[in-house]
Amino acid sequence: MRTSRFPLLTVKETPADADTVSHQLMLRAGLIRRLAAGLYTWLPLGLRTLHKVETIVREEMNRTGALELLMPAVQPAELWQESGRWGKYGPELLRFKDRNQREYCFGPTHEEVITDVVRREIRSYKQLPLTFYQIQTKFRDEIRPRFGVMRAREFLMKDAYSFHVSQASLQETYDAMYTAYSRIFTRCGLKFRAVRADSGAIGGNFSHEFHVLADSGEDAIAFSDQSGYAANIEMAEAAVPPAPRPAPAENCMKVATPDKKTCEEVAAFLKIPLQKTVKAVAVMGAGGFGLLLLRGDHEVNETKLKKIPGFDNYRLANEAEIQQHLGCRAGYIGPAGLKAFLDIQSNTTLYKRLTQDPAVGRLEPFRLIIDRSVEQMADFVCGANEPGYHCRGFNLERDIEKGYIVADIRRVVEGDPSPDGKGMLKIARGIEVGHIFQLGSLYSEKLKATVLDEQGRDATLIMGCYGIGVTRVVAAAIEQNNDVRGIIWPDAIAPFHIALLPLNMHKSEKLRNAAEDLYRELMDAGYEVLMDDRELRPGPMFADAELIGIPHRVVISERSLDAGSVEYKGRLDADKTDLPRTELLAFLKQRVQATTQLG
């Protein structure tokens, strides 16, 4: 391709509204242009890379035996009402009516549609397992679209769905998808990690996220420094401290802490480590008022707390509610003096009752939920439930009745023991580019998707769901591969393999002919070549090639022609290499990875 027929729509200035490196570079390099908030046009240069990611995804999905189809982007409300998600999905679901006042949505995902397809077309267990996939536009009405195509409202996604009659069959396909995803991101030239994750709005009981590692990532992931353990920080288990709880060594006493409301302020005032304090967080859920106790240097993990019956849709308690249940204002609340309020059964019995009927929690004055790490503490400092005071030397078993729930409700921190017992946890940032789920019968039960089993009886289908954000992969690759000069594309998804730069070609017919000969030779050898035939000085020509990130650069000039040589420079090379013109193809064969395949 010649730049005379393939305009490079690059810009020098960084757009003011671009808030991430990938967003800035995609605009500057001419990959995309903004149409409206969260809506982008993919220009020819960007579309070449997008198509390469699609091709890799499609090849690896086909390799698993998955079958490609294409479902409508617009979906009738009836399907979503049947699954129960019409009212639950929230404002991200773009709803509208047609001219006949029938309700529809622009699909953010396709679980309902594919389940409808299968319940209509598949009759027998002999036709299973089956996996269908599509690469198609999705729309989610993000409240605040940002980061360019990373969190756009309209995006391209590969979504796949598998159907089974047994959990063992689902697990087999799930494992195959895990392998396929690993191959896809490896072929795209990305550094990534697969982590245990929460299933979120899609549902299901078991899932993995695939994260491209990048400092700018929105998500935090925790991983062991000595094993393969990895999990989204929202799912990472905080390991139970191995040492038994020390016996009390101090008497509980109330101490004045005037105007000291945070654990940090109290620890500094009392000259004790922050780890010797316990913070109390007051919340309200369907089960009523709850008081959470965590170590002073720990934070609540919302995902974990929502798994406790009665707190799946919790919020922070307000001042009036705190006063009503604890008789104190925020900043000084804690477990001290709560024996009269905690006249409830043992931890195990209470949890069982709440699991069976979350409404039972409303009958109790409140529930005290203690993080595992607090249960292992002795002689700690906590709120005294009296303004201006905290308790020192507090011990749970001695100073409060056994009427609390012990649970893992905190976010892990770097340096925690790995839950698998191997090494310590490290925390890294990641960009989620893929997510695989074991949905079970969540959708098939509601949509009555069944087949006849071996005994001729109706069997409810078991489902899996597997998604890749195709547009997000492009942005994530840039976030992971860039420098001050621009993008550094991995070979497999670069818009072109080679930038051919003839210097001042318009001034020399000899050079023009030599450039055309080399251009055809490279194309015939199977390389995708962008030849810059603009009447530009070398500086701007080199700058554009580096900005758009073409991995390999070949420069020819009248001087190099006279010497019988060409100049080569890889995008990551510190220095250029001069080599004989006759040796160029053999040299490029060793350097250019036109298709990054796995064996």
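A cavity is a set of grid points where a 1.4 Å probe fits but cannot get out. Searching the whole of this predicted model turns up three cavities of 30 Å³ or more. The tour starts there.

**Stop 1: the largest cavity**

Select Ala499, Ala545, Glu546, Ile550, Pro551, Arg553, Lys569, Gly570 and Arg571. These residues line the largest cavity, whose volume is about 70 Å³. Now colour helix H15 (538–547) and strand S30 (565–570). They are the elements that give two or more residues to this lining. By kind, the lining of the largest cavity holds four nonpolar residues, one polar and four charged.

**Stop 2: the second largest cavity**

Keep H15 in view. Select Leu8, Ala499, Leu501, Leu530, Asp532, Arg534, Met541, Asp544, Ala545, Ile548 and Ile550. They surround about 50 Å³ of space, the second largest cavity. Which element gives the most to the lining of the second largest cavity? H15 does, with three residues. S27 also supplies at least two. This lining has eight nonpolar residues, no polar ones and three charged.

**Stop 3: helix H14**

Select residues 509–524, which form helix H14.

Next, show side chains. Leu511, Ala514, Ala515, Glu516, Leu518, Tyr519 and Leu522 of H14 are buried. What covers the buried residues of H14? The cover includes strands S27 (498–502), S28 (529–531) and S29 (552–556). It also includes helices H16 (558–563) and H17 (584–591). Step past the helix to Gly526, which follows H14. Its phi is positive, near 100°.

**Stop 4: the largest nonpolar core**

Centre the view on Met26, Leu31, Phe185 and Trp489. They have the most contacts inside the largest nonpolar core, a set of 67 residues. Helix H13 (residues 470–480) gives the largest share of this core, seven residues.

Zoom in on Leu31. Leaving out residues up to four places away in sequence, Leu31 touches Met26, Thr41, Trp42, Leu43, Leu45, Gly46, Ile478, Ile487 and Trp489.

**Stop 5: Thr471**

Stay with helix H13 and pick Thr471, which lies in it. Is Thr471 buried or exposed? Its relative accessibility is 5%. Buried means under 20%, so Thr471 counts as buried.

With residues up to four places away in sequence left out, Thr471 touches Trp42, Leu50, Val149, Phe155 and Leu156. Then pick Thr49. Thr471 and Thr49 are 422 residues apart in sequence. Their C-alpha atoms are 9.6 Å apart in space.

**Stop 6: the second largest pocket**

Move on to Lys261, Lys279, Ala280, Gly331 and Ile333. Of the 24 residues that line the second largest pocket, these are the closest to its centre. About 380 Å³ of space lies in this pocket.

Colour helix H6 (263–270), strand S14 (278–285), helix H8 (319–326) and strand S18 (380–383). Each supplies at least two residues of the lining. Which element gives the largest share of the lining of this pocket? Strand S14 does, with five residues. Finish by colouring the lining by kind: 14 residues are nonpolar, six polar and four charged.

Technical notes
Residues are numbered from 1 along each chain as its sequence is written. This is a predicted model: local features need pLDDT of at least 70, side-chain atom pairs count only at pLDDT 80 or more; totals for chains, interfaces and linings use all residues. Side-chain values use heavy atoms; hydrogens and water are left out. A nonpolar core is a set of buried Ala, Val, Leu, Ile, Met, Phe, Trp, Tyr and Cys residues joined through side-chain atoms within 4.5 Å. Buried means under 20% relative accessible area, exposed over 50%, partly exposed in between (1.4 Å probe, protein chains only). Helices (H or I, at least four residues) and strands (E, at least two) are DSSP runs, numbered from the N terminus. Contact means heavy atoms within 4.5 Å. The expected span of a helix is 1.5 Å times one less than its number of residues. On a 1 Å grid over the protein atoms alone, a cavity is a set of points where a 1.4 Å probe fits but cannot get out, and a pocket is an open set with protein on both sides within 12 Å along at least five of seven lines; lining residues have an atom within 4 Å of a point. Grid points are joined across faces, edges and corners, and a volume is the space filled by probe spheres set on the points. Ala, Val, Leu, Ile, Met, Phe, Trp, Tyr, Cys and Pro count as nonpolar, Asp, Glu, Lys and Arg as charged, and the others, Gly among them, as polar.
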